[in-house]
Amino acid sequence: MTRIRLDISYDGTDFSGWAVQPDRRTVAGVLLAELDRILGAGTATGLTVAGRTDAGVHATGQVAHLDLLGDTWSAVRETLVRRLAGLLPLDLRVRTAHETPPEFDARFSALYRRYEYRVTDAPFGAEPLRRRDTLAWPRRLDLARLNEAAEGLLGEHDFAAYCRRKENATTIRRITRLDWRRDPDGILVATVQADAFCQNMVRSLMGGLLTTGDGRRATDWPATLLTRTQRADDVPVVPPHGLTLVEVGYPEDATALAERADATRRIRTRLG
């Protein structure tokens, strides 16, 4: 078997998330259907994604892997991306498909995932051409307050207050970057990077920060929630359409890929 890495982009508006679901239009479901059409049903096996994005969340830097027989890959190596472009809907693109070491695991080999969240506080709301990827916030936002609040969330913590808990799953995560900028067009963009995220974590973080940015909460409030052991009901979960997965980072060599995958599979049960 040959392991193939796929680099994928999609507009998540009309998808019910990444994962295959019965009677739902999902990214993986649409992608697998067209792969089966090109390669033959069941030929592509083991489709695994770096981050299983929720319904409505977009991606410009999603990564997945799958396995093909060597002869199959040799036959489609030069044409697969072009053939997929002709079959996939316009809201889903496979930008590259290339052979990768067998140690590569799109999910477990990842060193980090990086997301961006776009918000406008313009009184008229989002520009029509950006309405699908930009949240309209009804109150004026202060950039300095947003960044002051974000700083308190950096590092490794138990983010139980910001996560939808799953049984036997840890909510300990390490955030290595969390900051805001205001672009020349006035759009506020949050960048958040971590080793991994639990369900609803990014959108909950954004909700907590935005309520400090508009002055309704103190700037230290988001960090005070890190002492909680349950999901905080007073943290708003912002809509998914402002969120985009922009990058997934990996080690460069096969040995490091395997080591990272092995380490990630171990359940983290304590801080540091």
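Let's start with one leucine: L6 is found in strand β1, which spans residues 2-10. Keep in mind that you are looking at a predicted model.

Is L6 buried or exposed? Its relative accessibility is 1%, and buried means under 20%, so L6 counts as buried. Which residues surround L6, once its neighbours within four places in sequence are left aside? L6 is in contact with L31, L47, Q62, V63, A64, L66, V94, T96 and A97.

Now find helix α4 (residues 143-151) and helix α5 (residues 201-213). Their axes come within 8 Å and cross at roughly 135°, and therefore α4 is oblique to α5. The crossing of α4 past α5 is right-handed.

Which residues make the contact? On the α4 side they are R145, L146, A149 and A150, while α5 brings L209, L210, T212 and G213. Sorted by class, the contact of α4 with α5 has 5 nonpolar, 2 polar and 1 charged residues.

## How confident is the prediction?

For the protein, the mean pLDDT is 94, and 97% of the residues reach 70 or more.

Where does pLDDT stay under 50? That happens over residues 268-272, for which the model has 12 contacts beyond four places in sequence. Where pLDDT is low, the predicted coordinates should not be read in detail.

Note on methods: Residues are numbered from 1 along each chain as its sequence is written. This is a predicted model: local features need pLDDT of at least 70, side-chain atom pairs count only at pLDDT 80 or more; totals for chains, interfaces and linings use all residues. Side-chain values use heavy atoms; hydrogens and water are left out. Axes are lines fitted to C-alpha atoms, for helices over the stretch in contact, and angles run from 0 to 180 degrees between N-to-C directions. Helices (H or I, at least four residues) and strands (E, at least two) are DSSP runs, numbered from the N terminus. Angles under 35 degrees count as roughly parallel, over 145 as roughly antiparallel, 65 to 115 as roughly perpendicular and the rest as oblique. A crossing is left-handed if the near helix is turned anticlockwise from the far one by less than a right angle, and right-handed if clockwise. Contact means heavy atoms within 4.5 Å. Ala, Val, Leu, Ile, Met, Phe, Trp, Tyr, Cys and Pro count as nonpolar, Asp, Glu, Lys and Arg as charged, and the others, Gly among them, as polar. pLDDT is the predictor's confidence in each residue, from 0 to 100. Buried means under 20% relative accessible area, exposed over 50%, partly exposed in between (1.4 Å probe, protein chains only).
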